[in-house]
Structure formats: C-alpha cells, structure tokens
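Welcome! Let's go through some of the labels used for this protein and see what lies behind each of them.

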Amino acid sequence: MFKVLISDNLAVEGQEILKNDPEIELDAREKVTAEELLKIIPDYDALIIRSASKVTLEVLEAAKRIL
C-alpha cells in the first residue's frame with residue numbers, strides 16, 4: 001500500500017482516480033503549512049502538490065519514503 005499526500009486543492013476527479021486504486025491510501029488536504037509538511041512527510045510514499053505548496057530541500061530530505 002502506498003500512502004499518498006495531496007497537500008493542495010486537487011480536482012475531485014483526480015482524487016477519485018486515486019481513491020479507486022486499492023494500492024493507494026490517500027490523504028487529501030486543502031492547505032498544509034510548511035511546518036506541518038515537514039512533520040508529516042516522512043510517513044508518505046508520494047506527494048502531490050499544485051502551486052500553493054513549496055517543496056524545499058528541507059522537505060525533500062525529510063521525505064524518507066519518497067524516492
């Protein structure tokens with residue numbers, strides 16, 4: 001099972017595609033602060049963003065499960 005975080009608004013249609021995949025555990029949030037993202041990202045295998053979230057080097061280093 002892959003844990004996927006959506007940290008910005010994503011169209012419902014896109015979320016439904018992911019929710020229908022039995023291999024994915026989806027956590028869709030509307031807004032995630034930079035501080036919160038740093039705390040939670042180690043628990044996820046993938047991160048989906050739009051323009052609101054900023055993926056910094058610090059976030060990438062904290063994302064231990066994301067290849």
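Q: Why is R29 called partly exposed?
A: In this predicted model, R29 has a relative accessible area of 26%. Buried means under 20% and exposed means over 50%, so R29 falls in between and is partly exposed.

Q: What makes R29 and D27 a salt bridge?
A: Their closest N and O atoms are 2.9 Å apart. The cut-off is 4 Å, so the pair counts as a salt bridge. D27 and R29 also belong to a network of salt bridges together with E36.

Q: How do you know that Q15 is buried or exposed?
A: Q15, in helix 1 (residues 12-19), has 16% relative accessibility. Because buried means under 20%, Q15 counts as buried. Leaving aside neighbours within four places in sequence, Q15 is in contact with I6, L10, L26 and A28.

Q: Why does the pair D45 and R65 count as a salt bridge, and what does the pair tie together?
A: The closest N and O atoms of D45 and R65 are 2.8 Å apart, and the limit is 4 Å, so the salt bridge label applies. D45 lies in the loop between helix 2 (34-40) and strand 3, and R65 in the segment after helix 3, so the pair ties together parts that are 20 residues apart in sequence.

Q: What makes K3 sit over the ring of Y44?
A: The charged end of K3 is 4.9 Å from the centre of that ring. The distance limit is 6 Å, and the charge must also be within 35 degrees of the ring normal. K3 is listed as sitting over the ring of Y44.

Methods
Residues numbered from 1 in each chain as written. Predicted model: local features only at pLDDT ≥ 70, side-chain atom pairs only at ≥ 80, totals over all residues. Heavy atoms only, no water. Helix = DSSP H or I, 4+ residues; strand = E, 2+ residues; numbered from the N terminus. Buried < 20%, exposed > 50% of the residue type's maximum accessible area, 1.4 Å probe, protein only. Contact = heavy atoms within 4.5 Å. Salt bridge = Lys/Arg side-chain N within 4 Å of Asp/Glu carboxyl O.
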